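Here are some notes to read alongside the structure. Take them one point at a time, and find each residue in the viewer as you go.

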Amino acid sequence: MLGALHSRQTQGDPVTTITVDAVVIGSGPNGLVAANALVDAGWDVLVLEAQDSIGGAVRSAEVTAPGYSTDLFSAFYPLAAASPVIKNLDLDQHGLTWVRAPAPLAHVLDDGRAAVLSADPADTAANLDTFAPGDGQAWLTMFAEWQRIRDPLLDALFTPFPPIKAALSLLRRLKTAGTMDLARLAVLPVRRLADENFRGAGAGLLLTGNAMHSDVPPDAAGSGVFGWLLCMLAQDVGFPVPQGGSGKLAQALESRVIKGGGQIRTAAQVTSVLLAGGRAVGVRCADGSLVRARRGVLADVSAPSLYRDLVGLQNLPTRLGAQLENFQWDHPTLKINWALNRPIPWRAAGAKGAGTVHFGVDNDGFVDYAADLSVGRLPKAPFALFGQMTTTDPSRSPAGTESAWAYTHVPHGIDWTDDRVTEHAQRVQDSLERLAPGFADSIVGRHIQSPADLEASNAKLVGGATNGGTAGLHQQLIFRPTTGTGRPETPIPGLFLASASAHPGGGVHGACGWNAALAALGSSGGTGALRRRLNQTAWARLLPRR
Ligand SMILES: Cc1cc2nc3c(=O)[nH]c(=O)nc-3n(C[C@H](O)[C@H](O)[C@H](O)COP(=O)(O)OP(=O)(O)OC[C@H]3O[C@@H](n4cnc5c(N)ncnc54)[C@H](O)[C@@H]3O)c2cc1C
């Protein structure tokens, strides 16, 4: 019987009805973290993954040329390295080794200059001083402030909402005035953040490029904190990658689940959540098999998919369906992967040792690019994020070569014909050629992932969106995924949202899965009845049935 197996199951196993304590829908990093938390608590857990391989947007494969490993989606993991959730899983004991490029990040300009965020803060400061004397010291001051509040801040970010304990600890460290400054930082547009703290272009390029890892425009409230957080993490823990490919991170999470007694089934698409007496009691899979869950169903899928496709709006308060009409996806993505027969011939020397390179725009160009995305115009000058993976991890391709990728966000509503995909990919490549003459001659293999390709390989990347919904302030905290409690509990008892559609959102940090697991454990523990009652009362007030 499946319930007794302790290994990964594959397609072709007999269709059965089994019973476990909890079923996790989806094996992205959040699903796997949730499964780990539950097996640690002694629960009998089954993870069901629609695709043939586990990992969600944390997967690698050989798609460009033999011997070249490509991270198909996410590639750099500052959030995972800093996340208390992932750190506590001791994944080094399950085959994960983090490796880092000589420098985490550079932004290259058409004039040959580069803003470089180096591993040593003093080197970053020296580079920023070349843009405007004094900016180096301003950077060091910003970094010192980060170090003072880092631990309680990360706890506040990565624990269930509201993060009362972490917030109190922050308040103790910052006092009232400092807390007000932090609150202002949380809503500051990244352009203002750069203008208020620096005189030259360099720091603005680093901050804004990092803010653009989210979909919040550079002059919109809330973009500053993204740029600041990622820059400070880059300076602190670097932009590490798993040795051997991003898939190694997912495999370490998988191995830990299995060693803990959990089970993972691939090629197992969940088509509905089973309800009994208004409670989630299991799931049905596309092959007709049923999995009964005694204690909880945790969904590492997008919020619209969970509520519309798996639960059905008819089973939910009418107001939730109406709110989902306003659910905003983040921008679609176009990704180009290359196998190169030599390192990239950057004109800007500072880019040579950087794992991540940003290019395509200057500080004003970010605003033009964001405006293009907002109004649905394909950018003529796309901003691109670029990964030099062999520079970061020599195991990714043969010695003396480079495995690289670039991705750029594109507007919603574009009809992505093959010609348009090729044309836009070429626009990104031409921009690279200007910055690194000879780049095109070094290509020995190329592979493109259109927005539709991304979605086909992971149903959660709807339209090529990377973060499970916009990171805009209007869809954060208690507004994520829709107006509610900001917590993983849903209006259906026993059902928990465990994906990046939940607070705190996109990125590989595992907090969404961890929070969902804690909520599931809490709702069936000693205080479970009280928690369930409080949750139902909260939802009844927020989403009255009529
Ligand atoms: C191109 C790209 C680049 C990125 N770069 C970075 C980066 O460098 N660093 C970083 O931190 N983050 C990055 N991200 C974001 C990060 O990868 C995601 O935020 C993260 O993977 C979200 O994890 P998740 O577990 O919520 O969902 P996912 O990783 O999307 O996993 C969801 C899983 O659920 C499965 N699933 C969906 N529906 C069903 C169903 N009905 N039944 C069964 N299974 C189902 C899917 O197949 C998938 O495996 C990137 C994302 C993309 C797409």
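1. A residue counts as buried under 20% relative accessible area, as exposed over 50%, and as partly exposed in between. Leu477 has a relative accessible area of 40%, so Leu477 is partly exposed. Please keep in mind that this is a predicted model.

2. Let us stay with Leu477 for a moment. Its place is the loop between helix 16 and strand 19. Phi of Leu477 is near 50°, which is a positive value in a residue other than glycine. Lys175 is another residue to look at in this way: its phi is near 60°, again positive and again not in a glycine. Lys175 belongs to helix 6. Is Lys175 buried or exposed? With a relative accessible area of 56%, Lys175 is exposed, because the cut-off for that word is over 50%.

3. Next, two peptide bonds deserve a look. The bond that runs from Phe161 to Pro162 is cis, and its omega is near -5°. Pro162 sits in the loop between helix 5 and helix 6. Arg480 and Pro481 are also joined by a cis peptide bond, with omega about -5°. You will find Pro481 in the loop between helix 16 (451–457) and strand 19.

4. How many cavities of 30 Å³ or more does a search of the whole structure find? The search finds three. The largest cavity holds about 90 Å³ of space. Its lining has 14 residues, and Tyr307, Arg480, Pro481, Arg487 and Trp539 lie nearest its centre. By class, this lining has six nonpolar, five polar and three charged residues.

5. Ala502 is in the loop between strand 19 (495–497) and helix 17 (511–524). Its relative accessible area is 4%, so Ala502 is buried. Between the C-alpha atoms of Ala502 and Asn515 there are 9.4 Å, and the two residues are 13 residues apart along the chain.

6. Now for the second largest pocket, which has about 440 Å³ of space. It is lined by 17 residues, with Glu145, Asp181, Leu185, Leu193 and Asn197 nearest its centre. Which helices each supply at least two residues of this lining? They are helix 5, helix 6 (164–187) and helix 7 (190–197). Helix 6 gives the most, with six residues. The lining is made up of 10 nonpolar, three polar and four charged residues.

7. The largest nonpolar core has 58 residues, and Trp139, Trp146, Leu206, Trp228 and Met232 touch the most other members. Helix 5 (residues 135–158) gives the most to this core, namely 10 residues. Another core, of 35 residues, lies apart from the largest one, and its members include Val24, Ala80, Leu249 and Leu298.

8. Finally, the aromatic rings. A pair of such rings is described by the distance of the centres and the angle of the planes. The model has 14 aromatic pairs. Phe76 and Phe239 have ring centres 6.3 Å apart and planes at 40°, so this pair is tilted. The pair links distant parts of the chain, 163 residues apart: Phe76 is in the loop between strand 5 (70–71) and helix 2 (78–82), and Phe239 is in the loop between helix 9 (223–236) and strand 9 (241–242). Both Phe76 and Phe239 are buried.

9. Compare that with Phe366 and Phe383, an edge-to-face pair with 5.0 Å from centre to centre and 65° between the planes. Phe366 lies in helix 13 (residues 363–375) and Phe383 in the loop between helix 13 and strand 16 (384–388), so the pair ties together parts that are 17 residues apart in sequence. Phe366 is buried at 0% relative accessible area, and Phe383 is buried at 0% as well. Elsewhere, ring pairs link Trp338, Trp346, Phe359, Phe386 and Phe439 into a cluster.

Conventions
Residues numbered from 1 in each chain as written. Predicted model: local features only at pLDDT ≥ 70, side-chain atom pairs only at ≥ 80, totals over all residues. Heavy atoms only, no water. 1 Å grid on protein atoms, 1.4 Å probe; cavity = no way out; pocket = protein on both sides within 12 Å on 5 of 7 lines; lining within 4 Å. Points joined across faces, edges and corners; volume = space filled by probe spheres on them. Nonpolar A, V, L, I, M, F, W, Y, C, P; charged D, E, K, R; others polar. Core = buried A, V, L, I, M, F, W, Y, C linked by side-chain atoms within 4.5 Å. Buried < 20%, exposed > 50% of the residue type's maximum accessible area, 1.4 Å probe, protein only. Helix = DSSP H or I, 4+ residues; strand = E, 2+ residues; numbered from the N terminus. Phe/Tyr/Trp six-rings, centres within 6.5 Å; stacked < 30°, edge-to-face > 60°.
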